[in-house]
Amino acid sequence: MGLIRNFFVVIILISIFFSCSSDDAPQNRVLIFGWYADSSCGGDCSQIYKIDSEKVFKDIDFNYPEGNYFEGNFKEITTVNYKDIVVLLNQLPEELLGEPNGYLDCSDCTDERGGFYLEYSADKIHKTWRFRNAQYPSYMESYRSLLLDKLAELNSN
């Protein structure tokens, strides 16, 4: 009987050890993403959204992404399914995190022609990128398609 009891004690200790082990995945991840029009636009010229570990938000002031980080006036969107949108955060290409802030594959690009905006923060990482609809690294191909699909879904709400 003592052998069985010792066996269960060992199993319980192993279970506790593995359930308490640290998770290397970043916590408090945030992705700010969207599009902005070129400088000739004269109306609602951007749609910028934010997703964190629990909710989806929309910038209600239609601000352009200017400077290093986007300072939006975000309001929670309750009419979308979070699980449908969180894929943008979960499928962000790893290669992107190695890119410097700025335009992807376009060192001489400026904001005058518009494009897509991505801003990622987690733990000690905080980076921003922009890219054109027709000019981006090859590793962004499937993510760009996913981004377009999710932006269309969000814009319809």
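A disulfide is a pair of cysteine sulfur atoms within 2.5 Å, and a search of this whole structure finds 2 of them. Welcome to the model: it is predicted, so local features need pLDDT of at least 70 and side-chain atom pairs count only at pLDDT 80 or more, while totals for chains, interfaces and linings use all residues. Residues are numbered from 1 along each chain as its sequence is written, and side-chain values use heavy atoms, with hydrogens and water left out.

**Disulfides**

- The link of Cys-106 and Cys-109 is right-handed, with 80 degrees about the S-S bond, and its S to S distance is 1.7 Å.
- Cys-106 is buried (under 20% relative accessible area; exposed is over 50%, partly exposed in between, with a 1.4 Å probe and protein chains only), because its relative accessibility is 9%.
- Cys-109 counts as buried too, at 14%.
- The other link joins Cys-41 to Cys-45, S to S 1.9 Å, and is left-handed, with -90 degrees about the S-S bond.
- Here Cys-41 is partly exposed at 31%, whereas Cys-45 is buried at 4%.
- With the bonded cysteines numbered in sequence order, the pairing reads 1-2, 3-4.

**Overall build**

- The protein has 4 helices and 7 strands; these are DSSP runs, numbered from the N terminus, with helices (H or I) of at least four residues and strands (E) of at least two.
- Starting at the N terminus, the order of elements is α-β-β-β-β-α-α-β-β-β-α.
- Of the 157 residues in the protein, 35% are buried.
- Contact means heavy atoms within 4.5 Å, and among contacts with a separation of 6 or more, 61% are between residues 24 or more positions apart.

**Nonpolar cores**

- A nonpolar core is a set of buried Ala, Val, Leu, Ile, Met, Phe, Trp, Tyr and Cys residues joined through side-chain atoms within 4.5 Å.
- The largest one has 27 residues, and Leu-31, Phe-33 and Leu-118 touch the most other members.
- Elements giving two or more residues to this core include strand S1 (30-36), strand S6 (115-122), strand S7 (125-131) and helix H4 (141-155).
- H4 gives the most to this core, with 5 residues.
- A second, separate core holds 8 residues, including Tyr-36, Ile-48, Cys-106 and Tyr-117.
- Leaving out residues up to four places away in sequence, Leu-118 touches a list of residues that includes Leu-31, Phe-33, Leu-96, Trp-129, Tyr-143 and Leu-147.

**Two loop residues to look at**

- Arg-132 sits in the loop between S7 and H4, and it counts as buried because its relative accessibility is 8%.
- The side chains of Arg-132 and Tyr-103 are joined by a polar contact of 3.4 Å (a pair of N or O atoms within 3.5 Å; within protein, one must be able to donate a hydrogen and the other to accept it, and residues adjacent in sequence count only if both atoms are side-chain atoms).
- Beyond its neighbours within four places in sequence, Arg-132 is in contact with residues including Cys-109, Arg-113 and Phe-116.
- Phe-62 lies in the loop between strand S3 (56-59) and strand S4 (74-76) and is partly exposed, at 27%.
- Apart from neighbours within four places in sequence, Phe-62 is in contact with Asp-44, Ser-46 and Gln-47.
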